[in-house]
Amino acid sequence: MQPTPEVVLAIVFLPFVAAALTPAVFRVLGERTAYFAAATALVCFGLVSQLYLAGAHGTVPLEWIPSLGVSLAFYVDGLALLIAFLASGVGVLILTYSGGYMHGEPGQAKYYATLLAFMGSMLGVALASDLISLFVFWELTSLSSFLLIGHYTSEQSSQYAARKSMLITVSGGLFMLVGFLLLVWVSGQALPETTYSLTVLLDNADLIRQALVENGLLVPVLVLLGLGAATKSAQVPFHIWLPNAMEAPTPVSAFLHSATMVKAGVYLVGRFRPLFLPKEAPLFGEWTMLFAILGLLTMTVAAILAVAATDIKELLAYSTASHLGLIIAAFGFANKYGAEAGAFHILNHASFKAALFLVAGIIAHEAGTRKISKLGGLRKHLPVTAVIATVASLSMAGLPPFNGFYSKELLFEAAWYAGKDLGGLGYLFPVIAVFGSVFTFLYSVKFASLFFGDEPDELGHVHSPPAVMLIPPAILGLLVVGISASATLGLGPETPINTFVGHVYGSVAAGEAHGFSVHFPTELTPYAVMSAVTILVGAVAFPFYDRLHDGINAILRGPIRANWWYDNGVEGLATTSVRSTPYIQNGLLRTYATWALASVTVLTLGGYLAAGVFSGNLPAFPGISDLAVTPAIFLVLLVAVVGAFAVDIAPSHVAGVLTLSILGFMVAIFYILADAPDLALTQLVVETLVLVIFLLVLNRLPAFYGEVNRSQSIRDGILALAVGATVFVTVLVTTAASPADPISGFLAENAGVPAEHGPFFTGAGGGGNIVNVILVDFRAIDTMGEISVVAMAALAILTLIRMRERGETQ
């Protein structure tokens with residue numbers, strides 16, 4: 001069934017409308033604005049459910065920038081619905097939870113408005129079908145998360161975390177945009193017309209992939225898209241922003257950094273998987289080499305760092321990066337088990353990780369600390385929270401019969417078959433998967449253990465959480481139990497969960513949609529052995545958890561830490577900026593002009609070089625090649641050249657302007673000799689007026705140029721030659737077009753008043769002088785540009801006059 005446009009638009013834009021209304025609502029409802037925001041999320045969740053229950057699948061196209069082929073198109077399929085369900089469904093729970101957690105906190109109107117805007121941005125990412133629309137919503141998630149992470153604006157740590165997340169995620173987004181533009185360019189090579197439509201690219205995956213290979217762009221585009229996904233989903237080495245982002249309020253951490261925003265990166269990988277990984281994909285092609293290795297590396301490194309964590313939110317942050325690595329690795333394997341594992345684990349991870357973040361918020365809120373060393377025996381004070389935490393932690397650990405076990409089992413299956421098919425070093429895939437999973441088991445059990453054992457002496461009085469903070473994690477815990485029961489009982493693909501995951505699987509796998517089902521292992525398989533080894537080794541190593549924790553922290557010193565590179569890199573850039581500022585901004589107009597002109601010259605000539613302008617012969621001026629160079633023309637041009645050189649050696653401003661006029665008058669004579677008297681007359685009038693105006697202005701300027709040393713003269717001479725060459729080449733390139741039909745006939749036909757017309761008409765110039773009509777009608781933009789040049793020159797002259805008392809001569 002084709003999705004209803006009104007429903008899709010309401011899903012995406014209702015949160016933005018609610019965000020705009022939030023400040024006014026807050027004036028009326030105060031802290032109860034949380035429930036207004038939660039109601040908005042609930043409506044979005046209901047509309048997403050309506051799309052799913054109606055079996056909606058297809059594209060909703062809306063014109064946005066038709067002249068460029070850019071549309072505000074949305075696409076509904078299994079993967080889009082999964083991310084939309086997470087953004088809206090978890091949003092309901094998080095916003096409800098915020099009603100209790102944010103009691104008495106500052107900036108609540110901004111908090112709820114930004115959280116709603118973020119939810120709308122994430123829904124836009126999930127449903128966007130146009131690459132430009134996808135990029136816009138993608139960057140909106142970065143902007144809103146920047147505001148949410150830096151919610152406590154007076155805290156230095158919040159400012160640092162917000163800047164780090166913005167710098168990393170936005171930088172990755174720009175690389176992703178370049179990848180998008182390359183895909184659009186390639187689409188013009190492979191398809192009848194260039195397209196920004198993601199669905200069109202996916203529908204023509206074989207042609208696009210072939211064109212990428214033929215143009216040598218397959219690996220560059222993969223890397224560019226991978227950078228966008230890796231920065232957003234905190235993959236190594238970009239994982240460093242996620243732990244710092246825990247400075248945000250806990251509901252923000254639960255929403256952005258477990259269930260939604262960090263899923264944008266894995267969503268991107270899943271969405272483009274059918275494009276780059278065909279049905280008959282090579283076992284170890286470029287896709288697998290990049291994403292399987294990146295995912296397993298992140299899964300392992302982040303799990304080790306989670307064991308080294310000293311704060312419960314830091315532990316959960318690193319565990320989030322680790323599980324996102326698991327999903328990336330799963331999507332990276334070129335077999336069906338990888339697609340199944342990635343599709344299923346997106347859902348599983350959101351359920352247990354969002355619950356654990358909310359549990360962490362309850363602990364911090366009621367116990368007054370997040371330090372792992374100060375927590376223990378919380379079951380006595382928080383019995384219901386203990387049950388939720390235990391269920392979610394064991395699911396995160398991958399213990400049967402919880403849902404996390406089944407998606408990790410699918411990853412083991414994908415890694416095993418990848419290693420078996422490749423042989424040799426290919427067996428490193430299952431080995432690394434097990435090694436990383438052991439650390440996952442360790443930190444998961446450690447989190448659960450905070451509710452058992454003895455209470456540390458540092459632990460003070462622990463309060464009971466309000467119901468509004470307890471119900472959301474309880475619902476998520478029940479979701480974990482429900483998914484686990486569905487998988488354990490082996491009810492087949494007809495269960496709602498399996499049917500839904502099957503739709504997601506069909507979206508990330510090439511070819512037709514596939515069925516999906518999981519079941520409890522009943523026979524001894526290699527991947528079942530991998531799960532058993534993970535649990536056994538983890539159980540044996542857990543008594544030595546503290547030693548592992550201390551040992552890892554002892555190793556993580558200096559350059560071993562990714563944060564060391566980030567902090568020193570940013571500090572180095574800041575230092576370089578401070579030291580270079582006096583040389584770039586020294587208060588001298590000559591310096592500013594030098595930097596500006598040099599930058600424009602380098603960028604322009606570099607653009608021509610990249611476009612291959614210099615690879616062949618430069619085009620000639622239209623008509624000049626047919627002009628006979630008579631002795632008179634040669635003499636005029638020679639005088640013009642001599643006049644140009646004379647300008648450079650003129651001893652004063654007045655002499656320089658008079659010498660420059662010689663050049664202008666020679667150009668006018670050249671026009672006469674070239675049978676262009678109208679241009680000659682215009683040139684004479686302009687040259688005379690400019691000469692008079694300059695002479696009047698020069699009366700207000702110093703009568704000398706000042707002293708310039710040899711190095712400055714050489715620099716200025718080289719720059720002048722470069723600027724002249726840039727203008728010369730630009731004129732050649734921009735006047736190279738030679739249309740088959742001359743434009744003069746069109747101008748003559750349409751410049752006057754049409755024979756038949758009403759009181760108003762727009763199809764003709766309506767003038768009596770064709771030159772005037774050309775200047776003010778057909779070439780109005782050119783005329784406006786010429787007027788802008790005159791205005792800028794006037795501003796420059798005014799600036800020089802205002803600076804005359806400063807004595808600047810250098």
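The bend at a residue is the angle between axes fitted to the seven residues ending there and the seven starting there. This is a predicted model, in which local features need pLDDT of at least 70, side-chain atom pairs count only at pLDDT 80 or more, and totals for chains, interfaces and linings use all residues. Residues are numbered from 1 along each chain as its sequence is written, and side-chain values use heavy atoms, with hydrogens and water left out.

**Stop 1: the kinked helix**

Select residues 562–584, helix H23. Helices here are DSSP runs (H or I, at least four residues; strands are E, at least two), numbered from the N terminus. H23 has 23 residues and reaches 32 Å from its first C-alpha to its last, close to the 33 Å expected at 1.5 Å a residue; the expected span is 1.5 Å times one less than the number of residues. Center on Val578, where H23 has a kink of about 25 degrees, shortly before the proline Pro582.

**Stop 2: H6 against H23**

Axes are lines fitted to C-alpha atoms, for helices over the stretch in contact, and angles run from 0 to 180 degrees between N-to-C directions. Show side chains for Tyr160, Arg163, Lys164 and Leu167 of H6, which contact Asn563, Tyr566, Asp567 and Val570 of H23; contact means heavy atoms within 4.5 Å. By class this contact has four nonpolar, one polar and three charged residues (Ala, Val, Leu, Ile, Met, Phe, Trp, Tyr, Cys and Pro count as nonpolar, Asp, Glu, Lys and Arg as charged, and the others, Gly among them, as polar).

**Stop 3: H3 and H4**

Select residues 78–101 (H3) and 108–127 (H4), whose axes come within 8 Å and cross at roughly 170 degrees. H3 is therefore roughly antiparallel to H4. Residues of H3 that meet H4 include Ala80, Ile83 and Ala84, and their counterparts in H4 include Tyr111, Tyr112 and Leu115. The contact of H3 with H4 divides into 15 nonpolar, three polar and no charged residues.

**Stop 4: H15 and H20**

Select residues 336–367 (H15) and 496–508 (H20); the axes come within 9 Å and cross at roughly 125 degrees. H15 is therefore oblique to H20. The contact includes Phe344 and Leu347 of H15 and Val504 and Tyr505 of H20. It has nine nonpolar, no polar and two charged residues.

**Stop 5: two loops**

Most residues other than glycine have a negative phi, and most peptide bonds are trans. Go to the loop between H9 (218–232) and H10 (241–244), which holds Pro237. A cis peptide bond joins Val236 and Pro237, with omega about 5 degrees. Ala234 lies in the loop between H9 and H10 and has a positive phi of about 55 degrees although it is not a glycine.

Finish at Pro401, in the loop between H16 (383–397) and H17 (403–422). Pro400 and Pro401 are joined by a cis peptide bond, with omega about 10 degrees.

Technical notes. Parallel < 35°, antiparallel > 145°, perpendicular 65-115°, else oblique.
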